[in-house]
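Please look at the sequence and the model shown below before reading on. The report that follows starts with one residue and then widens to the chain around it.

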Amino acid sequence: MTELVREVSENDQLRADIYQLLAALLRRQPSTELLQFLAGLDIDANDDSDMTKAWVGLKLAAEQFTSEQLEDEYFNIFLGVGSGEILPYGSWFMTGSLMDKPLALLRNDLMQLGFEREEEVKEPEDHVAALCEVMGTLILEAPGYRQLAFYQRHMGSWIARFCDSLAKTPSAAFYATVAELAKEFFVIEANEFEQLSLNIPVNCPGSEAEKVEPSTNELAS
């Protein structure tokens, strides 16, 4: 099979990197190395955009916490004893219940796109970290209409509510800054996909027209 070679713009690479960063932060508490990376970010002090302010907030928070300190914060927010302060699953935000129809639809779409779940992963595929991982991959490997379809079907309708809910969780200190960064990023993403939807022709190929290359990806949320 001839591999599809896509030219990735600087903007798309940045978007994919942010998706992967959010995936890492939402999958588990940040490692010491990740905190050091965030604390060392070079941020344009002359940029007063909301997104830049969110980056500054995350950078300052990364300077104040250790990975060990954030283990408890992450546990309380996302895991808890029986349940965390927030349920980070798309099905929950879309329907108010877990393991519902949105998850079945997601699994079907992931199968068509060539994503496979790692055997040791116990979390459902609609965990927000897994969805961010998929979006990061699609931006680098898939045509625009596939990115748009996946985002609209599986994230667009609820991700802003997730960010607001995360920011308000009782234990959120560091993760309040993560929520703010995610909120501002997804505002930009909504505009990005709105513009993309206007640029996609009416006779765009259907979902069976092509597959993402490589055909097998692993979810590790």
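Ile159 counts as buried, at 2% relative accessibility, where buried means under 20% relative accessible area, exposed over 50% and partly exposed in between, with a 1.4 Å probe and protein chains only. The model is a predicted one, in which local features need pLDDT of at least 70 and side-chain atom pairs count only at pLDDT 80 or more, while totals for chains, interfaces and linings use all residues. Residues are numbered from 1 along each chain as its sequence is written, and side-chain values use heavy atoms, with hydrogens and water left out.

Ile159 belongs to helix 9 (residues 159–168); helices (H or I, at least four residues) and strands (E, at least two) are DSSP runs, numbered from the N terminus. Not counting residues up to four places away in sequence, Ile159 touches Val128, Tyr151 and Phe186, and contact here means heavy atoms within 4.5 Å. Although Ile159 and Gly90 are 69 residues apart in sequence, their C-alpha atoms are 8.1 Å apart in space.

**The chain and its core**

The chain holds ten helices and two strands, which follow the pattern α-α-α-α-α-α-β-α-α-α-α-β along the sequence. Of its 221 residues, 45% are buried. Among contacts between residues at least 6 apart in sequence, 76% join residues at least 24 apart.

In soluble globular proteins, nonpolar side chains tend to be buried together. A nonpolar core is a set of buried Ala, Val, Leu, Ile, Met, Phe, Trp, Tyr and Cys residues joined through side-chain atoms within 4.5 Å. The largest such core has 57 residues, of which Leu22, Phe162, Phe174 and Phe186 touch the most other members. Helix 10 (residues 174–199) gives the most to this core, with nine residues. Leaving aside neighbours within four places in sequence, Leu22 is in contact with Cys132, Val178, Leu181, Ala182, Phe185 and Phe186.

**Aromatic rings**

Rings of Phe, Tyr and Trp (its six-membered ring) pair if their centres lie within 6.5 Å, and planes under 30 degrees apart count as stacked, over 60 as edge-to-face and the rest as tilted. Twelve aromatic pairs are found in the whole structure. One of them joins Tyr74 and Phe78, which are tilted, with 4.6 Å centre to centre and 35° between the planes. Both residues lie in helix 4 (residues 67–79), four residues apart, about one turn of the helix. Ring pairs also link Phe65, Tyr74, Phe78, Phe174 and Tyr175 into a cluster.

**Cysteines and a buried threonine**

Thr52, in helix 3 (residues 50–64), has a side chain joined to that of Asp47 by a polar contact of 2.8 Å. Such a contact is a pair of N or O atoms within 3.5 Å; within protein, one must be able to donate a hydrogen and the other to accept it, and residues adjacent in sequence count only if both atoms are side-chain atoms.

| Residue | Relative accessible area |
|---|---|
| Tyr74 | 6% |
| Phe78 | 6% |
| Cys132 | 0% |
| Cys163 | 2% |
| Thr52 | 9% |
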